[in-house]
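Colleague: I would like to go through the side-chain pairings and surroundings of a few residues. Please show the structure before we start.

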Amino acid sequence: MKNYTLSILVENHYGVLTRVAGLFARRGYNIDSLAVGVTEDPSVSRMTIVVRGDDSVIEQVIKQLYKLIEVIKVVDLSSEEYVDRELALIKVAASKENRAEILQIVEIFRAKVVDVGANTMMIEITGSGEKISALEKLLKPFGIKELARTGRVGLLRGTKDVVKAREE
């Protein structure tokens, strides 16, 4: 089983996310990551969905997505050159004794501290899922109080453009 990253342009209407997610659920496919946001055109949203399967599964998913009226364009980013990122906020227990060590780890990962409390620090990190998981693993011994991760977002590299591709 391979991970596929799909970039889906949809009309920015109420209920579209439910219909797209429902399509995956009805077909028995689990969504590993889902991120949705408005594009540079306020009438269009971009969904970035990560799903596991094989080539035939993804081919069927794409065909089914195109049957939804609100779907404008679907691109399998996995078959192209693309850049993807995730964001995480990690609240970790931080005593006076271990703050310096936590700050060193944060610096190594090019993350940043976005909030400091009496006994906690909140760290923001952006990067690949593997990078975020590695930081999480190193911070775990200090005591992770809370963790929030976004889904993966991605765009095609260079001059390739999913938004303009919808006009072709």
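Modeller: A polar contact here is a pair of N or O atoms within 3.5 Å, where one must be able to donate a hydrogen and the other to accept it. Bear in mind that this is a predicted model.

Colleague: Which side chain does Thr5 join in a polar contact of 2.9 Å?

Modeller: Thr5 is found in strand S1, residues 2–11. The side chain of Thr5 makes a polar contact of 3.5 Å with the side chain of Tyr82. The polar contact of 2.9 Å joins Thr5 to the side chain of Arg152.

Colleague: Is Thr5 buried or exposed?

Modeller: Leaving aside residues up to four places away in sequence, Thr5 touches several residues, including Thr48, Ile49, Val50, Val75 and Leu77. The cut-off for buried is under 20% relative accessible area. Thr5 has 1% relative accessibility, so Thr5 counts as buried.

Colleague: Arg152 came up as a partner of Thr5. With which residue does the side chain of Arg152 meet in a salt bridge?

Modeller: The salt bridge of Arg152 has an N to O distance of 3.5 Å. The pair links distant parts of the chain, 68 residues apart: Arg152 is in the loop between strand S8 (144–149) and strand S9 (153–156), and its partner is in strand S5 (residues 82–93). Both residues of the pair are buried. The partner is Asp84.

Colleague: How many residues apart in sequence are the parts that Lys91 and Glu146 tie together?

Modeller: Lys91 and Glu146 form a salt bridge, with the closest N and O atoms 2.9 Å apart. Lys91 lies in strand S5 and Glu146 in strand S8, so the pair ties together parts of the chain whose separation in sequence is 55 residues.

Colleague: Which residue is linked with Glu136 and Arg149 in a network of salt bridges?

Modeller: Glu136 forms a salt bridge with Arg149, the closest N and O atoms being 3.6 Å apart. Glu136 lies in helix H4 (residues 129–139) and Arg149 in strand S8, so this pair ties together parts that are 13 residues apart in sequence. Glu136 counts as buried at 19% relative accessibility, whereas Arg149 is partly exposed at 33%. The network also takes in Glu86.

Colleague: How many salt bridges does the count come to?

Modeller: Side chains of opposite charge can pair when their charged atoms come close. Among the pairs are Arg152 with Asp84, Lys91 with Glu146 and Glu136 with Arg149. The count comes to eight.

Colleague: How far apart in space are Glu81 and Lys140?

Modeller: Glu81 lies in the loop between strand S4 (71–76) and S5, and is exposed at 59% relative accessible area. Not counting residues up to four places away in sequence, Glu81 touches Leu156 and Arg157. Lys140 is 59 residues from Glu81 in sequence, and the C-alpha to C-alpha distance is 33 Å.

Colleague: Which residues form a nonpolar patch on the surface with Leu17?

Modeller: Leu17 lies in helix H1, residues 16–26, and is partly exposed at 38% relative accessible area. The patch has about 220 Å² of accessible area together. With Leu17, the patch is formed by Leu34 and Val36.

Notes
Residues numbered from 1 in each chain as written. Predicted model: local features only at pLDDT ≥ 70, side-chain atom pairs only at ≥ 80, totals over all residues. Heavy atoms only, no water. Patch = residues over 30% accessible without salt bridge, like charges linked within 9 Å, V, L, I, M, F, W, Y side chains within 5 Å. Areas by Shrake-Rupley, 256 points an atom, 1.4 Å probe, with all protein chains shown as cover. Salt bridge = Lys/Arg side-chain N within 4 Å of Asp/Glu carboxyl O. Helix = DSSP H or I, 4+ residues; strand = E, 2+ residues; numbered from the N terminus. Buried < 20%, exposed > 50% of the residue type's maximum accessible area, 1.4 Å probe, protein only. Contact = heavy atoms within 4.5 Å.
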